[in-house]
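Start with the sequence and the model below.

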Amino acid sequence: MAKGNIGVTSDNIFPIIKKFLYSDHEIFLREIVSNAVDATQKLKTLASVGEFKGELGDLTVRVSADKKAKTLTISDRGVGMTAEEIEKYINQIAFSGAEEFVKKYKDNAQAIIGHFGLGFYSAFMVSKQVEIFTRSYKEDAKGMHWTCDGSPEYTMEETDKAERGTDIVLHIDDENLDFLETSKVQELLSKYCKFLPVPIAFGKKKEWKDGKETETDEDNVVNDTNPLWTRKPADLTDDDYRTFYRTLYPMSDDPLFWIHLNVDYPFNLTGVLYFPKIKTNIDLQRNKIQLYCNQVFVTDSVEDIVPDYLTLLHGVIDSPDIPLNVSRSYLQSDGNVKKISGYITKKVAERLNDIFKKDRTQFEEKWDDLKIFIQYGMLSDEKFYERAEKFVLLKNVDGKYFTLDEYKKLIEANQTDKDGNLVYLYATNRDEQYSYIQAAKDKAYDVLLMDGQLDVHAISQLEQKHEKTRFVRVDSDTIDKLIAKDEHAQANLTDAQREALTTIFDSQLPAMDKTNFVVSFEQVSDTANPVFITRNEFMRRMKEMSAMQGGMMSFYGEMPDSFNVVVNTAHPLIERLLNDEETATQEQIAPLAAELAEVEKKRDELEQSHKGKKDEEIPTAEKEELETLRKKRDELTAAKKDVYKSYAATNKQVGQLIDLALLANNMLKGEALAKFVKRSVELL
Ligand code: ADP
Ligand code: MG
C-alpha cells in the first residue's frame with residue numbers, strides 16, 4: 001500500500017476549501033457528478049479518434065445514497081484512472097487533468113466541464129472520508145483504491161475492480177447527513193444536473209401499485225442530455241421553445257418572444273433568452289436567468305453578468321468562458337463577462353428591431369407587455385437607448401401606436417406652441433382625465449396614454465434627449481395654456497370683482513389632507529367648463545418620482561399636493577354669479593368700501609409725507625395715527641370678506657361649481673361626495 005502526503009503548499013488545504021472556495025456546500029455533488037460526466041465524455045472522445053477500441057456500453061452515471069452506511073456513491077463508466085493518474089490529478093491538488101486533456105484534444109474534446117482543479121476536493125466540505133475505486137480504460141490497467149480522511153495524508157493500493165470507470169464513495173460527516181435524504185439528493189440533482197450531457201440516474205423510477213409506491217426496473221434519469229439551447233434553431237419549432245420555457249418556469253405565462261444565442265468567437269456562448277410577460281411587480285420577475293457552464297448549472301443570480309435591465313429576461317445562458325468558482329467581485333472585472341453582457345444587449349436589441357420591422361402588428365400587440373422592459377433598458381443603458389429609439393412606441397388614448405418619428409410628424413403642425421416647443425399631451429388615466437382628454441381632442445390635439453410604471457422617467461428622458469420637446473399632462477393647465485399659441489387673454493375682472501370672487505371661492509373650498517388649492521381666473525371660453533382643476537406638471541412629476549424612489553426625492557413627497565382652481569370668467573354662469581353677488585352684497589359692501597377708500601387715502605397721504613424722513617423726525621402723533629389707519633384698513637377688509645363669505649354660504653352654486661370640478665377630477669370622495677349629492681337634489 002502506498003501512503004503519502006497530498007501535494008499542497010499549505011499544511012492543510014481543507015479548511016480553506018470548506019470556508020472560502022464555495023459559498024454553498026451543496027455544490028460538492030455538482031462537482032463530483034460533473035467529473036463523472038467529464039470522464040465519460042473523455043472516453044467518448046477517445047473512442048471517436050480510435051484510441052479506445054473497446055465497447056462503450058451503458059455510460060449512465062449512477063448516484064446512490066446508503067443511509068445505513070452513511071455513504072453517497074457516484075459511479076461512472078468513463079476513462080477511469082491509473083495509479084499514475086491518481087498521483088498526478090488527485091494527489092497533486094490544483095493540477096487540473098481536464099485542462100491538460102483539453103489542450104491535447106482541442107478540436108475533438110467533447111465539452112469538458114471542470115478546468116479549475118479543485119472540484120474533486122469540494123467533497124471534503126461534506127465528507128469525513130472519501131474513497132476512490134477506479135480502473136482505467138487502458139489495457140492491463142489495475143483497479144486502484146484511494147482513501148483520504150481530510151488530512152493531507154492518503155492511502156493508495158491495488159484492488160479488484162471488474163468494470164472500467166470510477167466509483168467515488170463519500171462518507172458523509174455527521175453535520176451533513178441531510179445530503180443522504182432521497183428528496184435532498186433529488187433536489188440537488190434537478191438543480192445542478194438537469195441538463196448534463198450524459199444520463200444521470202438516481203435509483204429507479206417509482207410507480208404507484210396497489211396503493212403502494214414501488215420501484216420499477218427503469219432508471220430514474222434526472223436529466224435531459226440534449227437541452228433545447230444546444231440544438232440548432234432550424235430544427236426547433238415555436239412549440240419547442242414554449243415547452244422548454246415551461247420546464248424552466250412551470251408556473252409562468254407563455255413568453256412573448258425568445259432569442260436563441262449562439263456565438264463561438266470571441267467567446268463561447270449558447271442559450272435561449274425569453275421575454276416574459278411582466279406583471280405588476282418587476283422585482284419579482286428578476287433573476288430568472290439560469291447560468292450554465294457546459295450544461296452544468298452554476299447560478300441563477302446573474303446580476304453581475306448581464307446588465308440590470310436584462311435580469312428581467314428569463315432563460316438560460318451557457319458559457320464555458322464564464323469563470324465559475326470565483327467570487328462575485330471577480331466576475332465584474334472579468335473581460336469575458338463584460339463582452340458577454342455587451343453581446344447580449346446587442347442581440348436583444350437586434351431581435352426586437354427585427355420583430356418590429358418584420359411584423360409590426362405582432363410587435364404592437366405585445367407592446368404593452370414589452371414596454372416596461374424596453375423603457376428600463378433605454379433608461380439604464382445608453383447603447384440600448386440608441387438602438388431602441390428606432391422601435392420604441394408611443395400609444396395614444398385611442399390605442400394607436402406610433403414610433404417617435406411618426407408621432408412627431410403627427411403632432412408637429414398642430415401642437416407646436418408660440419415658443420416653438422413641440423408639446424406632447426398625455427393622460428395617465430383615460431377615465432379619470434376624461435374631460436381633459438375630450439377638451440384636447442376638441443382642439444384636434446392628440447393625447448398619449450402614459451400609464452406605465454416607468455413612464456414618468458421615460459418622459460423625462462425623452463425631454464432631455466429631444467430639444468424643444470415638452471410633455472404635459474392634459475390636466476396640468478387650461479386647454480389654451482397647455483399649448484400656448486399666442487399671448488393669453490387676461491381675465492376681464494376689476495380688482496373689486498377679483499377680490500370678491502377669490503374670497504367667495506376660497507371660502508367654499510373643501511379642506512383636504514395634504515392638499516392645497518389656489519384660486520385663479522382665466523377667460524377661457526363660454527363653452528368650456530365654468531370651473532376646473534389643474535395640477536402643476538412639475539410638482540406632480542416630482543411627487544411621482546419621489547414616490548418611486550424615496551431617498552433624496554422624499555422632500556417632494558412630503559409636500560402637499562397643489563391644485564389650481566381655475567375660474568373661467570368667460571362662462572355665463574360665472575358672469576351671472578358676479579352680477580348676483582354684486583346685487584346681493586352691494587348694500588353692505590358699499591359703505592364699507594367707501595370707508596375703506598377714505599382710510600386708504602389718508603394712509604396714503606401720511607405715508608407720502610413721511611417719505612425721505614428719518615424715523616425720529618416723524619412726530620409721535622402721526623405715527624400713532626398711521627398705526628390706527630392700518631388697523632382700521634385691516635378691520636374693514638376683514639369685514640368685507642365676511643360679507644362675501646356669508647354671501648357665499650347662502651349661494652349654493654359656488655359649492656356646486658367647485659364640487660363639479662372636483663368630481664371631474666375624481667377628487668370628490670366620502671362625506672364631500674355625499675354633501676354634493678344632497679345639494680344637487682336641493683338645487684333640482
Ligand atoms: P477538474 O475537474 O477541474 O479537472 P477536479 O478536482 O474536479 O478538477 O478533478 C481533478 C482531476 O481528477 C480531473 O481532471 C480528472 O483527471 C480526475 N478525475 C476526477 N474524477 C474523475 C472520474 N470520475 N474519472 C476519471 N478521472 C477523474
Ligand atoms: Mg471537476
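Ser 520 has Val 566 as its bridge partner in strand E22. This is a predicted model. Strand E20 and strand E22 (residues 561-568) run parallel and are joined by eight bridges.

These strands belong to an open sheet of three, ordered E20-E22-E21, with mixed pairing. Strands E20 (515-522) and E21 (531-535) each have a single partner strand and stand at the edges, so one side of each lacks a neighbour in the sheet. From one strand to the next, the twist averages 30 degrees.

A helix covers contacts with each of these strands. H15 (residues 495-508) packs on the sheet and touches E20, E21 and E22. The direction of H15 makes about 150 degrees with that of E20.

Another strand pair is a hairpin. E5 and E6 form it, with four residues between them. In the turn, Gly 150 has a positive phi of about 100 degrees. Cys 148 stands opposite Tyr 154 in E6.

The two pairs are set out here.

| Strand pair | Bridges | Direction |
|---|---|---|
| E20 and E22 (residues 561-568) | Eight bridges | Parallel |
| E5 (residues 143-148) and E6 (residues 153-159) | Six bridges | Antiparallel |

Now to helix H13 (residues 455-465). Why is H13 largely enclosed by the rest of the structure? Eight of its 11 residues are buried, so the rest of the structure largely encloses the helix. The buried residues of H13 run from Asp 455, Val 456, His 457 and Ala 458 to Ile 459, Ser 460, Gln 461 and Leu 462.

Terms used: Residues numbered from 1 in each chain as written. Chains lettered and ligands numbered in written order. Predicted model: local features only at pLDDT ≥ 70, side-chain atom pairs only at ≥ 80, totals over all residues. Heavy atoms only, no water. Pairing = 2+ DSSP bridges. Helix = DSSP H or I, 4+ residues; strand = E, 2+ residues; numbered from the N terminus. Axes fitted to C-alpha atoms, helices over the stretch in contact; angles between N-to-C directions. Contact = heavy atoms within 4.5 Å. Buried < 20%, exposed > 50% of the residue type's maximum accessible area, 1.4 Å probe, protein only.
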